[in-house]
Amino acid sequence: MSVLTADLLERGILTAESRVHGTGRPSTRLALSASSAFFIGVSLASDPYILRVTDLHGEVVATDHMAASASPETIVASIAAAVARVLESGTVDAGRITGIGLAIPGLVDATASTCIRSTLLGWRDVAIGAMIAEATGLPTFIENDANALALGEHLFGSLRGSDAGAVISVGDGIGCGLIVNGELHRGSRGGAGEIAHSTIEPGGLPCKCGKRGCLDTLASLRSIGHFAREAGLPDDPLALDALASDGDNDAIAILHRAGAALGLAISQLVQTLDPERIVVAVTEGLTDGLYARVMRQTVEANVMPSESPQVQLTTIGVDQQAWAIGAASVAAGRALFRL
Ligand SMILES: [Zn+2]
């Protein structure tokens, strides 16, 4: 431990704050120095793409945007230009930038820094990590977007200090990142946490993955919007939630069905993983509406009763920026903690 501490002190990552006198030898209180390292995070899960620079405490110190594109070459050039702009602005010490984290909507091989497949970007086996590293001269780490969000919450947010937990993100699609034994759990092929394609309604609606009745076909915001349009209602989930609050039966039925589907999937996750905490990240405004309430009730009704404390289920609102902070956490986790 003291060897590790000495190394971190020498690198300026840890600072000695004060001497603490108690029983036994006096000890030194150590703290992570916020400005000792900076991490760049880029999210390809939003439009436009967002770049954020965070310090060691997860605080955002710089932000930039770039036009969305499916071309790896264009993305690499955009990221290199955005990094150059951030460095020129002088807000961060270039020498203290530890690396770039990239959050990709798709299946990634984190070790090889390759995107194996992304339906959204139309990619197959794209060595995007090496391309960005070459263009920027900075170590680049890639991660699936849901995993990046989970890592961000684990290092800096609501999953901090939790050994077993999950972050479920509900947007156009549904993602899930798992923390097991205090580390991100990617599975044997990087596909862990694909609850979006768990069958919730056998023989149900066709899913883009080729199966039927997946969670994604029932509970994603894209699916909710689809059902709303079919019923002649606005497809904006916040407007739909407001209609449900006013007693519109169709809006209530759509949100009830979606919330129940998500709750059922989460209850299965609770039974399998036995997590301390589950964080459901949804668009701001939906965190306490009908969708979230039904989701919570369904989890409570479908998790086996137990003497021990129940899983803590937290709902948080996320904006597009949260994904870029998650991406920066990937760089922080890999560069510092080998997560
Ligand atoms: Zn599916």
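**Talking through the model**

Analyst: Happy to! Asp125 is exposed, with a relative accessible area of 57% (buried means under 20% relative accessible area, exposed over 50%, partly exposed in between, with a 1.4 Å probe and protein chains only). Asp125 is found in strand 9, residues 123-126, and its phi is near 50°, a positive value in a residue other than glycine.

User: Before we go on, what kind of model is this, and how are residues numbered?

Analyst: This is a predicted model, where local features need pLDDT of at least 70, side-chain atom pairs count only at pLDDT 80 or more, and totals for chains, interfaces and linings use all residues. Residues are numbered from 1 along each chain as its sequence is written, and side-chain values use heavy atoms, with hydrogens and water left out.

User: Which peptide bond is cis, then?

Analyst: The one from Asp47 to Pro48 is cis, with omega near 0°. Pro48 is found in the loop between strand 3 (38-43) and strand 4 (49-54).

User: What's in strand 4?

Analyst: Val53, for one, is found in strand 4. Val53 is buried, with a relative accessible area of 0%. Leaving out residues up to four places away in sequence, Val53 touches several residues, including Phe38, Phe39, Ile40, Val86 and Val92 (contact means heavy atoms within 4.5 Å).

User: And how far is Val53 from Thr298?

Analyst: Their C-alpha atoms are separated by 38 Å, and the two residues are 245 residues apart along the chain.

User: Zooming out, how many helices and strands are there?

Analyst: The chain has 10 helices and 15 strands. Helices (H or I, at least four residues) and strands (E, at least two) are DSSP runs, numbered from the N terminus. With a radius of gyration of 21 Å, close to the 20 Å that the globule rule gives for 339 residues, the chain is as compact as a globular protein of that length. That radius is taken over C-alpha atoms, and the rule is 2.2 Å times the number of residues to the power 0.38.

User: What does the C-alpha trace span, and what share of residues is buried?

Analyst: Along its principal axes the trace spans about 60 × 55 × 40 Å, and buried residues make up 50% of the 339 residues. Among contacts with a separation of 6 or more, 57% come from residues 24 or more positions apart.

User: New topic: how many disulfides does the search find?

Analyst: A search of the whole structure finds zero disulfides, a disulfide being a pair of cysteine sulfur atoms within 2.5 Å.

User: Great, that's a handy tour. Thanks!
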